[in-house]
Amino acid sequence: MDFWKDYLIGVISGGISKTFTTPIDAIMRVPRIAKTAQPRKGQQAIVNVLQIKANEVSSLWRGNLINMLRYCPIQGYYFALKAAFKKNDILYPHNPNPTIFYQFMVNTTSGSLAGFTSLAIMYPIINGPYFASGHYYYLKTDQPPPGLYNSISSRYKGFTLTSIDVIIYRGLYFGINDTLAILNPYQNISTCNSFISLMSKYMQAHISVHLANTCSYPIHTIRKRLVMTSEKEMYKNGFDCLIKIITKEGFFSLFHGIRINQFRQNIGPSIGLVSFGELQRLVAVEE
């Protein structure tokens, strides 16, 4: 019962975070559209965003429902499975006097296991648009699109590299946040002002997401590079891509574009962590 309660709270918190960040994603897409458009049309696209009328604000949330349907279920699994793994006595024997390092390792490994398991369950759904576009191609041309097959293994194409990314990101995402929660003197709302408590929780979540995103970003760069060069076949696999990037472009090229990515990716997951904790607290009070 606790698993499905955590799952439902995770789904709701995912919906809250996605609703908050959808307008940011919509605005961030404009410069990319402007680059591919003619100069005048590109400039007009940016002006249109800056001069949004009151009755057009809702357009910033266009497509939010579809994003939530893809994002929220896996978000629910992340939180529910993390709690389930953390409570497992086989994985983590009871320790009456755990050190902060031990608690950090428990939190991190629970998060990594939850991330991997959730991805294994939801990966075909995450890749749904790719297969939908492939079947549309088949209907229009009566020929299967290149690289698309109907086998189960094709549904998990790219899973290995994505799973490494998720294991690193979710492990640190949950590990750092849950450990900082133990150290946060303002964590308990009864000991301080509710606004101070909420802001302290957001800051600990923001630090966790920032560090997790930084550590996993090189994998994100490799995945992006493999997708961009898939037709040219420049790299044999992810490891070959990593070696060639470091030798030819330098180690720090793995972090190219991280600043704008941090701006886009930090807000939503931070709100997700805070909203999950607050919703859990409210449910516990009601019970």
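So, the lining of the second largest pocket: its residues split into 11 nonpolar, five polar and 11 charged. Here Ala, Val, Leu, Ile, Met, Phe, Trp, Tyr, Cys and Pro count as nonpolar, Asp, Glu, Lys and Arg as charged, and the others, Gly among them, as polar. Before going on: this is a predicted model, where local features need pLDDT of at least 70 and side-chain atom pairs count only at 80 or more, while totals for chains, interfaces and linings use all residues. Residues are numbered from 1 along each chain as its sequence is written, and side-chain values use heavy atoms, with hydrogens and water left out.

Back to the pocket. That's an open set of points on a 1 Å grid over the protein atoms alone, with protein on both sides within 12 Å along at least five of seven lines, and lining residues have an atom within 4 Å of a point. This one holds about 650 Å³, taken as the space filled by probe spheres set on the points. Of its 27 lining residues, Asp-178, Gln-187, Phe-276, Gly-277 and Gln-280 are closest to the centre.

Which helix gives the most to that lining? It's α10, with nine residues; helices here are DSSP runs of H or I, at least four residues, numbered from the N terminus.

Now cysteines. Cys-72 counts as buried because its relative accessibility is 6%, and Cys-215, at 44%, as partly exposed. Buried is under 20% relative accessible area, exposed over 50%, partly exposed in between, with a 1.4 Å probe and protein chains only.

Key. On a 1 Å grid over the protein atoms alone, a cavity is a set of points where a 1.4 Å probe fits but cannot get out, and a pocket is an open set with protein on both sides within 12 Å along at least five of seven lines; lining residues have an atom within 4 Å of a point. Helices (H or I, at least four residues) and strands (E, at least two) are DSSP runs, numbered from the N terminus.
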